[in-house]
Amino acid sequence: ATYVWPTPGRSLPHNAFAPLVAALNEGRESVALQVIGDSTGHTAGKTRWPFHVADWLAARYPTYATQITTWDGTSAYPAPTVLSGDPTTRRASFSGVGAVCHPGNGQSFVGASDVLDIRIKVSLPAWPIADSAKGVLVSRWATGYSWFFAMHNQGSLVFRWSADGTTTLAGSSFSSIFTPPTNTPIWFRIVATPATGNFAFHWSTNGTTWTAIGGSTVGATTIYDPGNIAKYQVAGMGSNEGWSTLTAYEVEVRKGNGGPSVVPRYLDNWISNNTTAAPAAVHAGTPVLTIVNGSWPGANITHVDDPTNLPRMNRIDYGTRATILSMSHNDNRRGGAEYLTEWDSFLAALRARAPQSQFILSTQNPRVLGVAAGWVDAHAARRLDLIGWARKNGLSIIDVYQRYLDQVAAGTPLTSLVNSTAGVDDPPGIHPSDGAAGDLTKGSSLWAEAVKDAIIGKA
């Protein structure tokens with residue numbers, strides 16, 4: 001037999017982008033590329049390098065629906081901007097023969113003292129369901145404190161919990177009876193607050209505007225235990241209980257009311273938990289590639305390593321397989337051992353949150369001497385510190401700084417690559433200039449070329 005070589009450009013790069021590229025080449029599951037950075041990559045009102053890379057990925061992988069969301073600079077990511085395809089078509093159909101599961105991600109398990117905010121987008125063949133024993137939406141059920149969120153045959157939603165993961169329930173809360181539309185996507189939601197025992201149910205047609213449908217307050221209660229190693233499940237619970245017939249599009253298990261989700265959004269990132277040959281879920285629609293651009297103007301290592309900021313900026317729900325770290329130009333004079341210790345802490349937290357992601361360090365553009373507000377030499381020295389730190393910690397490196405130096409040596413003035421005119425992109429002499437894709441005389445375009453080269457293994 002003759003080995004069939006991969007399509008040109010579809011072989012794996014020998015760097016940390018390999019898992020992302022492998023997933024995109026296969027086209028089976030939804031994936032994400034995360035950027036954590038500063039204003040050099042912020043795309044609001046600018047054509048910065050993450051947007052160029054996103055456009056290129058959308059064209060390179062047309063079997064994916066590609067979208068990008070950019071950190072709003074305060075506390076959240078807005079709804080993604082769709083670049084190609086239709087992300088809303090990705091779905092998993094369950095026919096009552098099994099469920100899918102996911103373990104959550106390391107430190108991000110929802111704990112006993114946290115508010116639990118569960119949201120799921122589904123399409124139902126009928127309402128109310130015929131059998132309450134087969135109506136589970138989302139669960140975390142095993143030996144120990146357990147819970148499940150389900151549909152009830154009286155025409156309501158229900159949240160139930162157990163102290164030992166058996167049919168002996170410690171408590172239940174029901175929504176009011178309501179009539180949602182069938183055979184069309186809708187959202188169901190429960191916000192559970194253990195400290196008060198308050199349960200609030202909602203439903204929505206768009207996942208943004210919610211209609212309250214009652215609930216109850218039963219008094220303080222222990223619903224779930226952070227030591228419980230039970231996996232999260234969709235469309236079932238335990239080993240073979242509660243299997244539902246429905247189509248699921250997206251799911252969120254949020255740590256806190258409106259907080260970050262700890263499970264994958266798209267069901268193709270979940271694993272079938274049934275032991276028969278029949279698949280628990282049949283996936284259809286277009287898999288989704290999300291570029292999560294966590295570039296925060298003004299951010300430095302202290303900002304992004306903050307325990308409140310980090311879980312909000314570092315999104316794990318889109319299926320991140322590669323994370324680019326691109327910061328330092330706001331760290332002023334900092335460098336050396338004390339500075340790198342903070343990067344050690346940051347990387348450890350990222351790896352705990354996103355164990356399936358690989359990490360890449362991107363150096364940044366040089367500053368323009370005589371024009372930049374300051375720290376020109378400190379910024380250059382910090383680049384060397386971070387390259388050494390990345391090598392010590394096994395990260396791949398995209399040396400954008402050197403790419404700029406090479407372009408200057410080829411005849412492009414640094415003042416063309418870096419915005420140097422007051423009022424254009426203040427402060428001047430610091431940020432990459434905007435330009436069309438492929439225009440190597442403009443800094444953002446040159447930066448994007450360096451990232452694209454790394455993704456395909458050219459650099």
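Strands β6 (residues 116-123) and β11 run antiparallel and are joined by 7 bridges; strands here are DSSP E runs of at least two residues, helices are H or I runs of at least four, and both are numbered from the N terminus. Two strands count as paired if DSSP finds at least two bridges between them. To find your place in this pairing, look for Arg 119, whose bridge partner in β11 is Arg 189. What you are looking at is a predicted model, in which local features need pLDDT of at least 70, side-chain atom pairs count only at pLDDT 80 or more, and totals for chains, interfaces and linings use all residues. Residues are numbered from 1 along each chain as its sequence is written, and side-chain values use heavy atoms, with hydrogens and water left out.

Let's stay with β11 for a moment.

Moving on from β11, we reach β12 (residues 198-204), which pairs with β11 in the antiparallel sense over 7 bridges. Val 191 has Ala 200 as its bridge partner in β12. The hairpin that these two strands form has 4 residues between them, and Gly 197 there takes a positive phi near 70 degrees. β12 in turn pairs with β13 over 5 bridges, again in the antiparallel sense, and Asn 198 stands opposite Thr 217 in β13.

Now step back to the whole sheet. It is an open sheet of 7 strands with antiparallel pairing, in the order β13-β12-β11-β6-β15-β4-β17. β13 (211-217) and β17 (281-284) stand at the edges with a single partner strand each, so one side of each has no neighbour in the sheet. From one strand to the next, the twist averages 25 degrees.

In soluble globular proteins, nonpolar side chains tend to be buried together. The largest nonpolar core here has 39 residues, and Phe 188 is among those with the most contacts inside it, along with Phe 94, Leu 137, Leu 157, Phe 159 and Val 234. A nonpolar core is a set of buried Ala, Val, Leu, Ile, Met, Phe, Trp, Tyr and Cys residues joined through side-chain atoms within 4.5 Å. Leaving out residues up to four places away in sequence, Leu 137 touches a group of residues including Ile 120, Val 122, Phe 149, Leu 157, Phe 188 and Leu 246; contact means heavy atoms within 4.5 Å. A second, separate core of 35 residues includes Ala 23, Leu 289, Val 451 and Ile 455.

Ala 23 leads us to helix α1 (residues 18-26), whose buried residues are Ala 18, Leu 20, Val 21, Ala 23 and Leu 24. Among the elements that cover them are β1 (31-37), α2 (49-60), β18 (288-295), β19 (320-326) and α9 (443-455). Just after α1, Gly 27 takes a positive phi of about 75 degrees.

Two of those covering elements, α2 and α9, also pack against each other, at an angle of about 45 degrees and with their axes 8 Å apart. Axes are lines fitted to C-alpha atoms, for helices over the stretch in contact, and angles run from 0 to 180 degrees between N-to-C directions. The two helices are therefore oblique to each other: angles under 35 degrees count as roughly parallel, over 145 as roughly antiparallel, 65 to 115 as roughly perpendicular and the rest as oblique. In their contact, residues of α2 including Trp 49, Val 53 and Trp 56 meet residues of α9 including Trp 447, Val 451 and Ile 455. Helix α7 (residues 400-409) packs with α9 as well, at about 120 degrees and with the axes 10 Å apart, and this pair is therefore oblique too.

The peptide bond from Trp 127 to Pro 128 is cis, with omega near 0 degrees, and Pro 128 lies in the loop between β6 and β7 (136-140). Asn 183, in the loop between β10 (169-174) and β11, has a positive phi near 55 degrees and is exposed, with a relative accessible area of 60%.

Conventions. Buried < 20%, exposed > 50% of the residue type's maximum accessible area, 1.4 Å probe, protein only.
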